[in-house]
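My entries follow in the order I made them.

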Amino acid sequence: SMGRDGSGGLVFYELPTRGFLNGTCDPAYANALEILRHLRISELMDNGVGGPDFDYVELTNIGSTPLALGGAEFVTGIAFTFPTLTLNPGEFVVVVKHLAKFRSRYGNGPVVAGVFSGQLDNGGETLGLQLPPPYDANVLTFGYNDSWYVVTDGNGRSLVLIAPSTTPA
């Protein structure tokens, strides 16, 4: 977005601040920028063997700074608001459809942020993840289609992002 700096000149700001000073040094602003730059949907199980209760979405911090995810939320496709949670560099977290069924299949190892409501569409859809308040920009909008890789469509395999460090388009 474009905004005015302290001298009145127009400057590009990566993150709209609506209602806040442009270029603010508030830690929430710095965290929001880090989330925009380094949080990725890295794996998606949308049509697992056994039905939709085994669905999950994995997110990874590809940056070098911890990300405070509390308040970030899925606003398109599924519904989920992250609780207070810090995702350290290189770590991943999952949101799941049904916790007990996820644990029965994948064990206690993966960190689970919580249970989402709604359902992942087995035919493909768009997921939208929004920054924590007070910012209302989408971190990313991720679309998938079940025809991309047939082996991921109900055959027990997940859709995995091959190069998570790629800059989103």
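Entry 1, terms and layout. I took helices (H or I, at least four residues) and strands (E, at least two) as DSSP runs, numbered from the N terminus. With that rule, P134 falls in the loop between β12 and β13. I looked at the peptide bond that joins P133 and P134 and found it to be cis, with omega about 15°. For the protein I noted two helices and 14 strands.

The model is predicted, so I kept to its rules: local features need pLDDT of at least 70, side-chain atom pairs count only at pLDDT 80 or more, and totals for chains, interfaces and linings use all residues. Residues are numbered from 1 along each chain as its sequence is written, and side-chain values use heavy atoms, with hydrogens and water left out.

I used accessible areas from the Shrake-Rupley method with a 1.4 Å probe; for residues, only the protein chains shown count as cover. The accessible surface of the protein is about 8,600 Å², and carbon and sulfur atoms hold 55% of that. I call a residue buried under 20% relative accessible area, exposed over 50%, and partly exposed in between (1.4 Å probe, protein chains only). Of the 169 residues in the protein, 40% are buried. Contact here means heavy atoms within 4.5 Å. Among contacts in the protein with a separation of 6 or more, 52% are between residues 24 or more positions apart.

In soluble globular proteins, nonpolar side chains tend to be buried together. I counted as a nonpolar core a set of buried Ala, Val, Leu, Ile, Met, Phe, Trp, Tyr and Cys residues joined through side-chain atoms within 4.5 Å. The largest such core has 31 residues, and L39, V57, L59, L69, F74, F82 and V95 have the most contacts inside it. Elements that give two or more residues to this core include α1 (27–38), β3 (39–45), β9 (92–96) and β13 (138–145). With five residues, α1 gives the most to this core. I then found a second, separate core of six residues, with Y56, V94, V96 and V112 among them.

I looked up one member of the largest core. Not counting residues up to four places away in sequence, L39 touches E34, L59, T60, L67, L69, L87, L129, V139 and L140.

My rule was a side-chain nitrogen of Lys or Arg within 4 Å of a carboxyl oxygen of Asp or Glu. By this rule I count two salt bridges.
- E34 and R37 meet through their side chains at 3.8 Å, N to O. They are three residues apart in helix α1, so about one helical turn separates them. E34 is buried at 17% relative accessible area, whereas R37 is partly exposed at 34%.
- K101 and D53 meet at 3.3 Å, N to O. K101 lies in helix α2 (residues 99–106) and D53 in the loop between β3 and β4, so the pair ties together parts that are 48 residues apart in sequence. K101 is partly exposed at 32% relative accessibility, and D53 is partly exposed at 25%.

D55 is in the loop between β3 and β4. I counted Lys and Arg as positive and Asp and Glu as negative, leaving out His and the chain ends. D55 is buried yet has no salt bridge, and the nearest side chain of opposite charge, R105, is 7.7 Å away. Leaving aside neighbours within four places in sequence, D55 is in contact with M45, D46, N47, G48, V96, K97, F116 and L120.

I found L85 in the loop between β7 and β8 (86–87). L85 is buried, at 19% relative accessible area.
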